[in-house]
Amino acid sequence: MKQKTEQEAYLTLASLCANAEHCQWEMLEKMRRWELPEEAQARVMQRLVGERYVDDERYAHAFVKDKLNYNKWGRRKIEQALWQKHIDEAVRQRVLDEIADEDYVLVLRPLLKQKRKSTKAGSDYELNGKLIKFALSRGFTMDIIRQCINVEDEDQFVD
C-alpha cells in the first residue's frame with residue numbers, strides 16, 4: 001500500500017468522517033496501515049478531534065442506536081462491540097445506560113415471536129430453553145429475556 005503524507009491522511013480521514021461516524025481507534029488503525037509515523041498520527045488525530053470530525057461519544061450514540069434498532073442486538077453484544085472499538089469505559093456505560101429496558105423488550109419480543117414460530121421443540125420447557133439461548137446469543141440479558149419469555153398469554157407476544 002502506498003504510504004500517505006500527513007496532509008493526505010488528514011484529508012482522507014476527514015472525508016470519511018464527514019460521510020459517517022467513526023471512532024478514534026478506527027482512524028488510528030487506518031493510519032497504522034498507511035504506515036504514517038506515530039507523531040504524525042497524533043497530530044492528525046488531534047486535528048480530527050479538535051475539528052469534531054471524530055467524537056467517540058457521538059460515535060457510541062450512533063453505534064448503539066444502529067445496533068439496537070437495525071441489527072436487533074442486546075446490551076451485552078453492543079457493549080462488547082464498543083469494547084472492541086476501544087471506546088472508553090465511562091463513555092460506553094453512559095451511552096448504554098441511556099437505553100431503557102423497555103427499548104430492549106420492544107426489540108426482543110418480536111424477535112422471540114418470530115423465532116418461536118420456526119423453532120421445533122418437544123415441550124414448552126425445551127422451546128423456552130432454545131428461545132433463551134437464541135436471545136442470549138443476540139446479547140440480551142437474562143432479566144430482559146425473562147420479561148419476554150414469561151409472558152403467559154400468547155397474545156402479549158404481538159408486536
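Y70 lies in the loop that links α4 (56-69) to α5 (75-84). The model described here is predicted.

**Residue Y70**
- Y70 has a relative accessibility of 64%, and because exposed means over 50%, Y70 counts as exposed.
- The C-alpha atom of Y70 is 9.6 Å from that of V107, although 37 residues separate the two along the chain.

**Packing of α8 with α9**
- Two packed helices are described by the angle between their axes and by the distance between those axes.
- For helix α8 (residues 124-137) and helix α9 (residues 142-149), the angle is about 140 degrees and the axes are 10 Å apart.
- At this angle, α8 is therefore oblique to α9.
- The crossing of α8 past α9 is right-handed.
- On the α8 side, the contact is formed by N128, L131, I132, A135 and L136; α9 contributes M142, I145 and I149.
- Classified by residue type, this contact of α8 with α9 comprises seven nonpolar residues, one polar residue and no charged residues.

**Buried residues of α2**
- In helix α2 (residues 24-33), the buried residues are E26, M27 and M31.
- These residues span an arc of only 135 degrees around the axis, so they lie on the same side of α2.
- The elements covering the buried residues of α2 include α1 (6-19), α3 (38-50) and α4.
- After α2 comes E35, which has a positive phi, near 60 degrees.

Terms used
Residues are numbered from 1 along each chain as its sequence is written. This is a predicted model: local features need pLDDT of at least 70, side-chain atom pairs count only at pLDDT 80 or more; totals for chains, interfaces and linings use all residues. Side-chain values use heavy atoms; hydrogens and water are left out. Helices (H or I, at least four residues) and strands (E, at least two) are DSSP runs, numbered from the N terminus. Buried means under 20% relative accessible area, exposed over 50%, partly exposed in between (1.4 Å probe, protein chains only). Axes are lines fitted to C-alpha atoms, for helices over the stretch in contact, and angles run from 0 to 180 degrees between N-to-C directions. Angles under 35 degrees count as roughly parallel, over 145 as roughly antiparallel, 65 to 115 as roughly perpendicular and the rest as oblique. A crossing is left-handed if the near helix is turned anticlockwise from the far one by less than a right angle, and right-handed if clockwise. Contact means heavy atoms within 4.5 Å. Ala, Val, Leu, Ile, Met, Phe, Trp, Tyr, Cys and Pro count as nonpolar, Asp, Glu, Lys and Arg as charged, and the others, Gly among them, as polar. The arc is that of the directions from the helix axis to the C-beta atoms.
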